Amino acid sequence: MVGMGQAALTTPERRPTRQIDVGGVAVGGGAPVTVQSMTTTKTADAESTLSQIYALAAAGADLVRCTCNEEAAAEGLARIVPRSPVPIIADIHFHHEMALAALEAGVQGLRLNPGNLRKEVEIKQVAAEAKDRGVPIRIGVNAGSLHPDLYKRFGSATPEALVESARMELGFFSEVGFDDVKISVKASSVPLMIESYRLASETFDHPLHLGVTEAGPPPAGLLKGTAGIATLLAEGIGDTIRYSLTADPVEEARAGRQLLEALGLRERKGLDLIACPSCGRAEIDVIAVANAAQVALEHRNLPIQVAVMGCVVNGPGEARQADLGIAAGRKRGHLFIKGKIVRVVPEDEMVDALVAEAEKLVSEGVEARLAAADSTAEAEAEADRRALIDAKGDDANASETKVALIRKKYGTDREAN
Ligand code: SF4
């Protein structure tokens, strides 16, 4: 049932990158694009951090990053890693000893920021240790914390400066024979981020980790993240993604997963609720019913597309690609599967009927549920439809009347009059 309702159209051709292995999760080299997020708990508090990691994994995170900023955090990682459902990446700033301690704790990945971990000897020491342990590193360049020398050389945090920072770090790594790397060149400015990743994609064949940093709270943060990440993914650039939201990180993981599903880059794992925008024909409060359906269905993890449509006149037809849907008319709800009416229920039972059918659809399959349709449903639905068209006419939104008026006043029918 996975992926029902998702049209198998074209997915962007991925730009080829080499593949790395982050604790059993492949990144790059044609592997499915992965979702990352980062815990907000104190890493030293292993229980709270693990509970957040479980929530992130359930929301769609394939990889989770935890800060390793002090010895207690490294100790926390030693307790977290063996119990985590997904590979753990330690986030390192300033202190190379924390990278070494995180490796000792057993993390499956490191993220180093070349802007604030600057001593060549320390960088090489970490890379050599990572090499010995077979642990990949993300070179995480950030426009906001660019190395001061590069800032001086390029005048500002340009795409060239960000890519140069990654190139220099790669140079240090290669001196100790380490190349198990992915790269990010994040910025909070979406245009700068996009240009930087395009340049990085031309420059390196390492997998790229995409993100708009410090995007802020939703909805603006979500929009900024999507603008940057989706643009690049649509160009085939990017192997793993992270939304950086000022919000519960579960929202980051959920958004990442939903974006990949929306772009057809990952199979549908969760619900895709669609709803009509409502119009003069609507027989119900579409927003209220859609929200009620969303609340009732979203925690059930059903991999289907469900439609809530405001009227039975056009609803089932407009949403015929949906796995399941409901449309309102004459105080009744028409439940449909792949556009075919299977049941007619009272209006106040619409959401309950939708939820019950969604669960059966996932467990029994489309064919079985179509076979179980009420034999009178199609005829009842057609009677409702006809009655509504008779009552409201074919032009409930008055569109055709307006079109005729426009033509008469300003257009093709003018001269004829
Ligand atoms: S015609 Fe019906 S289904 Fe389409 S937008 Fe209007 S109310 Fe919704």
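This is a predicted model: local features need pLDDT of at least 70, side-chain atom pairs count only at pLDDT 80 or more; totals for chains, interfaces and linings use all residues.
1. Helix pair. Helix α8 spans residues 220-234 and helix α9 spans residues 249-262. Their axes lie 11 Å apart and meet at an angle of about 40°. That angle makes α8 oblique to α9. The crossing of α8 and α9 is right-handed.

2. Helix contact. From α8 come Leu-222, Thr-226, Ile-229, Ala-230 and Leu-233. They meet Ala-255, Leu-259 and Leu-260 of α9. By class, this contact has seven nonpolar residues, one polar and no charged.

3. Cis peptide. Pro-218 and Pro-219 are joined by a cis peptide bond, with omega about 0°. Pro-219 sits in the loop between β9 (209-210) and α8. Most peptide bonds are trans.

4. Ligand shell. Around the ligand are Cys-276, Ser-278, Cys-279, Ala-282, Met-309, Gly-310, Cys-311, Asn-314, Gly-315 and Glu-318. The shell counts five nonpolar, four polar and one charged residues.

5. Ser-278. This residue belongs to the ligand's surroundings and has a phi near 75°, a positive value in a residue other than glycine. Ser-278 lies in the loop between β11 (272-275) and α10 (286-298). Its relative accessible area is 32%, so Ser-278 is partly exposed.

6. Lys-331. Here too phi is positive, near 65°. Lys-331 is placed in the loop between β13 (324-329) and β14 (332-337). With a relative accessible area of 61%, Lys-331 is exposed. Most residues other than glycine have a negative phi.

Notes. Residues are numbered from 1 along each chain as its sequence is written. Side-chain values use heavy atoms; hydrogens and water are left out. Axes are lines fitted to C-alpha atoms, for helices over the stretch in contact, and angles run from 0 to 180 degrees between N-to-C directions. Helices (H or I, at least four residues) and strands (E, at least two) are DSSP runs, numbered from the N terminus. Angles under 35 degrees count as roughly parallel, over 145 as roughly antiparallel, 65 to 115 as roughly perpendicular and the rest as oblique. A crossing is left-handed if the near helix is turned anticlockwise from the far one by less than a right angle, and right-handed if clockwise. Contact means heavy atoms within 4.5 Å. Ala, Val, Leu, Ile, Met, Phe, Trp, Tyr, Cys and Pro count as nonpolar, Asp, Glu, Lys and Arg as charged, and the others, Gly among them, as polar. A residue is near a molecule or strand if one of its heavy atoms lies within 4 Å of it. Buried means under 20% relative accessible area, exposed over 50%, partly exposed in between (1.4 Å probe, protein chains only).
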